[in-house]
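Have the model open beside you as you read.

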Amino acid sequence: MKLQFTRNLSSAPITVAVTSEELAAKKLGWHNLEIATRALHRDGLVVLQDVIEHSKLDALNRTMVQDALKLQALGDDGPFNYNKGNIQQDPPMMKSHFDPSIFLNPLATQVTTSVLGPKPRLTFMSGNSALPPVPGVTPQSQPVHTDADFDHPESPFALVVNVPLIEMDINNGSTEVWLGTHNITSLAAQEGKQGDRASGRIAKHLLEQRKQERGPCQPQVKKGSIVIRDLRLWHAGKPNFSNDVRVMLAMIHFAPWFRNAMTIEFSKDLENVLDREGSDLQIQKRLVSEQTIMDGYLNRGYGNSYNFDQESRLEHF
């Protein structure tokens, strides 16, 4: 007879307390690396706590908050995700705003490499901003969805490296996450066509089933932390009831074998920094003038308009 054991798993994510020695070495020890790796396989999400200096986040946040207000003012023409309280927002990828500890954090790369394999592909660098409520408009939640809105592999193939620029909590729109769902989801669980503004929505009857096993959570994430999330995980942007814009950066590391074709636009003066600080990644980049960055970085698409699928996909595996 085969015995089956069950256990009640928490809805809250695992948080890795990174040590000062690990920060100085820019490398996790085996204990914390194992915790992070196993949490990603089991839960689809892990938090690396207190790994980025607050002053560096503050400098970038000042610029991105002002940019967020400009995008909000576009209304129906803005890059909103499901509802206008949540917008897609790129940071300006030029030297004056680029800090490697934020965008190419070596601890995050160590973790993604542990799961995905050597030299993951970095092909996406953007952000999601939860906007303060507008008078007369009822704050809305996004539908629970997955960013993998296509027929995707069952094994880990993409990890999102999220960097909140301020502390995240229920009040300012911490993302709702459904831990463990990366292991049970598929295209059949979704509603909406790939690329549509409302694609990737999880069918309501599946949400009700999942609540009985392991419900959702809106975690509190301390400023200076990094959240690493499996692209397949069910999640939902939540309303921001505070008076402050809540910016959360999003960089996607794809497995080296996953042939995603997207590229990131960087200013030419970042080439040496990218080669040096991003040597453990395959950065799919296009180098352009700083003026080109300034002219275009606020003129991007909404989240679901990006194609996270791969080229020359294996069929019938």
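Lys84 sits over the face of Phe80, 6.0 Å from the ring centre; a charge counts as over a ring if NZ of Lys or CZ of Arg is within 6 Å of the ring centre and within 35 degrees of the ring normal. Please keep in mind that this is a predicted model, in which local features need pLDDT of at least 70 and side-chain atom pairs count only at pLDDT 80 or more, while totals for chains, interfaces and linings use all residues. Residues are numbered from 1 along each chain as its sequence is written, and side-chain values use heavy atoms, with hydrogens and water left out.

**Aromatic pairs**

There are nine aromatic pairs in the structure. Rings of Phe, Tyr and Trp (its six-membered ring) pair if their centres lie within 6.5 Å; planes under 30 degrees apart count as stacked, over 60 as edge-to-face and the rest as tilted. Two of the pairs are set out here.

| Pair | Centre to centre | Angle between planes | Type |
|---|---|---|---|
| Phe124 and Phe308 | 5.3 Å | 80° | edge-to-face |
| Phe254 and Phe258 | 5.4 Å | 5° | stacked |

Phe124 and Phe308 link distant parts of the chain, 184 residues apart: Phe124 belongs to strand β5 (residues 121–130), and Phe308 to the segment after α8 (290–296). Helices (H or I, at least four residues) and strands (E, at least two) are DSSP runs, numbered from the N terminus. Both Phe124 and Phe308 are buried, where buried means under 20% relative accessible area, exposed over 50% and partly exposed in between (1.4 Å probe, protein chains only).

**The core**

Which residues touch the most other members of the largest nonpolar core? They are Leu48 and Phe103, in a core of 63 residues. A nonpolar core is a set of buried Ala, Val, Leu, Ile, Met, Phe, Trp, Tyr and Cys residues joined through side-chain atoms within 4.5 Å. Setting aside residues up to four places away in sequence, Phe103 touches Leu60, Pro91, Met93, His97, Phe98, Met125, Leu249 and Met251; contact means heavy atoms within 4.5 Å.

Helix α2 (residues 30–43) has 14 residues, which at 1.5 Å a residue should span 20 Å, and its end C-alpha atoms are 19 Å apart, in agreement. The expected span is 1.5 Å times one less than the number of residues. Its buried residues are Asn32, Ala36, Thr37, Ala39, Leu40 and Asp43. They cover an arc of only 165° around the axis, so they lie on the same side of α2; the arc is that of the directions from the helix axis to the C-beta atoms. Exposed Trp30 and Arg38 are on the face turned away from that buried side. The cover over the buried residues of α2 includes β1, α1 (20–25) and β2 (45–49). Just after α2, Gly44 has a positive phi of about 80°.

Thr15, in strand β1 (residues 14–17), is partly exposed at 41% relative accessible area. Beyond its neighbours within four places in sequence, Thr15 contacts Val47 and Gln49.

**Helix α6**

In α6 (residues 204–213), Leu206, Leu207 and Arg210 are buried. Their arc is only 100° around the axis, so they share the same side of α6. These buried residues pack against β7 (176–178), β9 (201–202) and β11 (234–236), whereas the face turned away carries exposed Lys204, His205 and Gln212.
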